[in-house]
Every structure is written in structure tokens, then in C-alpha cells.
Amino acid sequence: MSEVIVITSGKGGVGKTTTAANIGIGLARLNKKVVLVDTDIGLRNLDVVIGLENRIVYNLVDVIEGNCRLKQALIRDKRYEELYLLPSAQTRDKTCISPEQMKKLCGDLEEEFDYILLDCPAGIEQGFKNAIAGARKAIVVTTPEVSAIRDADRIIGLLEANDMRDNISLIINRVRVDMVKRGEMMSVEDVVDILAVDLLGVIPDDEQVVISTNQGEPLAGDSSQAGQAFLNISRRLTGEDVPFLELKTKRRGLSRFFHR
Amino acid sequence: MGWFELRKKKSSTIAKDRLKLLLVSERLDCSPTTMIMLKNDLIKTISKYMTVEEDQVTVSISYSPSILTAQIPFAESHPMNY
């Protein structure tokens, strides 16, 4: 049984694409067959985050319009045998596809893959509606900031209105433990309390994320704190019961953490 | 609230308080001003029949289950308090 999961946030710049890429790679490392779908038509991004930008021939819109077969547009990642990317179109806009077409595409992908991860564009307009149309689960990404949480709340409301009430989980990104300790950043508990949805994972603010994005090599599963946190999220998605990492403040470049 | 009091409150607490107020009004599609008007109307209506402690009236909303709760204490002079 395959899973169609949309990764969304409302607000832009909170780390949707990075999260999608890393969860995808995490799942591929766990030997799941995964396709990452970039649904942000006009603002293609996922390809550069996973370093596949030079291999794009066809895209999502080509598939939907019948300019190519689905298999021709899927790019296989050479580093992870089980990971594929369906890139977005760069020269078109969100109105060129409909929610019904996305639903059909997701249905076709379900025949081939264990996990279909849909990277959603920012906003609540057409692009968002397209992205959630074929999804049965949603992951909402937020950061511990007032604006991001407000938008996450709005998105959760819209997802609930689209029959996903029991299938919404939360990822809190860019948590700075030092600031939480000083009382200058909302804690994980605060955010979960406000949004009242299940917590799927917490990603610490880690400069390795920027470095890995520079290189086009997502870090899920490496030794960094963020890499571990992303892999744990992928494991939780497969049904494994993984305890949350206790994030530690960095001291003189030494990152220390341990399981609770 | 004075400047010193603001300084004492940690910014994470301020953020949380601001968000809670904001989200209540947004989820209800009802602004904080509307909430205050609702509260005042409730006080006005109840006061027609009994004396209440106006300063201590609270109106709050919870989500699951979604309930509007109003706490309207009687005034000390009210016969209930004798």
C-alpha cells in the first residue's frame, strides 16, 4: 500500500523543500521506493536541493499534458537506487494544471512507488489546492516563529476542511535550543500546544543543512544533528517507533546529543 | 504595560500570548474587537436580570470540542452571595 504525502507550510522559506528532499532520501535509505514530486510550477526548486538540476528533460506539466510518458519524466537518483524525482515546469504557471489532473497523476504514481512525496508551493491558492488534491496525508512544516505558526494554523484548517483531519502531522524546523533555554524562542511544547496536531519531528537549526544544500546533497542519515533528525522522521513514517532526539546546544563546535 | 514590565517578560512568552489571541480570532473569523463586543453584549444582557461582576467576566474558546465558554461571576452584592 503506497502513501501519498504532501509537505506544506503556508509560509514560504520555512524549509518545505529541504524537508521533502531529506525525508525522500531518508526513505530511500530505508529501501523504500520513493518519488519526490515538485508541484511548485513556475518556481522549480526541489531539483537543485537534491542536485539533479542538470538531468531534467521532461517535467510534471509535460506528463499531465501528454507530451511524454510518466516514466520519461521521472529522473532516477544515481546515489539512491530507489529515489526518483518528478520535476516541476519552470516556464509555466500554477493554473495550467487542475486538482483532478493531480489526483490522476498521484494514482498513476501509486502503482509504482511506496511513497509519493509532494512538495507544495507556499501560499493557499491554486498551487496549494493542486498539491493537496491527490494526497492522503499531510506534513506541515513550521519554524518557532509567530508568522510561520500563524500560517501553519491556517493551513491545518484548510487541510481539515479537505478531509485530512486525522492525517496531519507537524515538523518544527530550525529550533535553536540555546534560545529556547533563554526563553527567547518558543519551545517544541509551546508550538505543539498552539497548533494541536501530532508531532512528527523536530529539526535543529544546523549549518550543515545550508552546506548540504549548497552541494546538492541532502544530509538525511549523516552524522549531523539535522541529518539524524531527518532520518528519524523517515523511520517514523514507515511506522517505526523512534524516540525524539534530545537536542543539545552546540559547544565549541562539538555537537552533542543523545537519546532520551 | 510599562517598558520595564515588557523587558521582564521573555520574548517567547510574548510570542505565545500573541499567537494564542491571534489564532482564536482567526479560527473563528472573528477579530479581538468582536470578541470584546461579544463580551460587552453578554454583560449587558445578563445585567438586565442579575447583577454581575463586570471586571471578572471572561469569554474563551476551546477547539476540540469547540465550545464558547463565558464565566460571569455574580456581584458581591448579589443575593446569591449571602
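This is a predicted model: local features need pLDDT of at least 70, side-chain atom pairs count only at pLDDT 80 or more; totals for chains, interfaces and linings use all residues.
## Overall build of chain A

Chain A contains eleven helices and ten strands. Its radius of gyration is 17 Å, close to the 18 Å that the globule rule gives for 260 residues, so chain A is as compact as a globular protein of that length. The C-alpha trace of chain A spans about 55 × 40 × 35 Å along its principal axes.

Of the 260 residues in chain A, 48% are buried. Contacts across the sequence are well worth a look too: among those between residues at least 6 apart in chain A, 73% join residues at least 24 apart.

## Helix 5, a helix with two sides

Helix 5 of chain A (99–110) has twelve residues. From its first C-alpha to its last, helix 5 reaches 16 Å, close to the 16 Å expected at 1.5 Å a residue. Buried residues in this helix are Met102(A), Leu105(A), Cys106(A) and Leu109(A). They cover an arc of only 100° around the axis, which puts them on the same side of helix 5. As a reminder, an α-helix has 3.6 residues a turn, so residues three or four places apart point the same way.

On the other side of helix 5, Glu100(A) and Gly107(A) are exposed. The buried residues of helix 5 pack against strand 1, strand 2, helix 3 (60–65), strand 5 and helix 6 of chain A.

## Helix 6, an enclosed helix

Helix 6 of chain A covers residues 126–133, and six of its eight residues are buried, so this helix is largely enclosed by the rest of the structure. The buried residues are Gly127(A), Phe128(A), Asn130(A), Ala131(A), Ile132(A) and Ala133(A).

What do these buried residues of helix 6 pack against? Their partners in chain A are strand 1 (3–8), helix 5, strand 5 (115–119), strand 6 (137–142) and helix 7.

## Two loop residues with positive phi

Most residues other than glycine have a negative phi. Asn31(A) has a phi near 65°, a positive value in a residue other than glycine. This asparagine lies in the loop between helix 1 (16–29) and strand 2 (34–38) of chain A. Asn31(A) is exposed, with 12 other C-beta atoms within 10 Å.

For Ala196(A), phi is near 50°, again positive in a residue other than glycine. Ala196(A) sits in the loop between helix 9 and strand 8 (198–204) of chain A. Is Ala196(A) buried or exposed? Ala196(A) counts as exposed, with 12 C-beta neighbours inside 10 Å.

## A strand residue in chain B

Finally, a stop in chain B. Thr69(B) belongs to strand 2 of that chain, residues 67–71. Thr69(B) is exposed, with 9 other C-beta atoms within 10 Å. Thr69(B) and Leu42(B) are 27 residues apart in sequence and 12 Å apart in space, C-alpha to C-alpha.

Key. Residues are numbered from 1 along each chain as its sequence is written. Chains are lettered from A and ligands numbered from 1 in the order in which they are written. Helices (H or I, at least four residues) and strands (E, at least two) are DSSP runs, numbered from the N terminus. The radius of gyration is taken over C-alpha atoms; the globule rule is 2.2 Å times the number of residues to the power 0.38. A residue is buried if 20 or more other C-beta atoms lie within 10 Å of its own, exposed if 12 or fewer, and partly exposed in between; C-beta atoms are placed from the backbone. Two residues are in contact if their C-beta atoms, placed from the backbone, lie within 7 Å. The expected span of a helix is 1.5 Å times one less than its number of residues. The arc is that of the directions from the helix axis to the C-beta atoms.
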